[in-house]
Amino acid sequence: MHDYFTITGNSCRIPFADLCRRDARYQSYFTKKEYQGSQCIHPQGTKINHFGIVVSGILKAVDNTLDGTEMCHAYFEPKDIFPEFLYFSGERYYTYSLYAEKKSTVIWVPVYAMEEMLSKDQQLMYALLLYISQRGLKNQLYLHCLNYQTIRERVAYWIVGMNNLTPNEAVHMPCSQAVLANMLHVSRASLNQELKLMEKEGFFKIVKKEMREVDMGRLNELL
């Protein structure tokens, strides 16, 4: 999704995260930290004092039900920022717990520094608006994906409905099947079984972390 979070100017395309990080005037405000997989970064209710920029790895926003079941609401991948929706909607505390899904690196930017950067740099503000718009679109696409009843239909929509594919282009899969299962709101075991069946039937070929030889025509027929 990050290819869309760009601005154009003088024939350059710069993702918001990169544009934010390159401003030498604010480098002294930035703090880089590493987190291990499953480490809790912020429990629910933590005050929002910083914006985070994911450099590597993947983070997740989760709640726990009364019986202890983990409910994952969102993932933050490299070049994502957070908690932009919470802060700019007026919320000043985390409404979810933030965890590292795997070993991750995050750059933290104080809220006051980010606000100053945005107020002084029109290009950066525009890049942020593009980022937030695309993040919102992605969330809407996931909601639409969940309207499909079967795992096969959800997989098909995730491939052809959420990726702007060109012919013969590979689809990059998440870091684990558990992550994809959470995204599609299905069990990992059921997803694994369906992926194997769809691969056997020729919808795609899974090579490491990529889906190759994607049959877009047949996938679209499922939707």
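A residue counts as buried under 20% relative accessible area, as exposed over 50%, and as partly exposed in between (1.4 Å probe, protein chains only). The structure is a predicted model, in which local features need pLDDT of at least 70, side-chain atom pairs count only at pLDDT 80 or more, and totals for chains, interfaces and linings use all residues. Residues are numbered from 1 along each chain as its sequence is written, and side-chain values use heavy atoms, with hydrogens and water left out.

Salt bridges were assigned where a side-chain nitrogen of Lys or Arg lies within 4 Å of a carboxyl oxygen of Asp or Glu. The count is 10. Asp80 pairs with Arg135, with the closest N and O atoms 3.0 Å apart. Asp80 sits in the loop between β7 and β8 and Arg135 in helix α4, so the bridge ties together parts 55 residues apart in sequence. Helices (H or I, at least four residues) and strands (E, at least two) are DSSP runs, numbered from the N terminus. Both Asp80 and Arg135 are buried.

Glu77 and Lys138 also form a salt bridge (3.2 Å, N to O). Here the partners are 61 residues apart in sequence. Lys138 has 13% relative accessibility and therefore counts as buried.

A further bridge joins Glu194 and Arg152 (2.8 Å, N to O). Glu194 belongs to helix α7 (residues 188-200) and Arg152 to helix α5, 42 residues apart. Glu194 is buried at 15% relative accessibility, and Arg152 is buried at 18%. Arg152, Glu194 and Glu201 are linked in a network of salt bridges.
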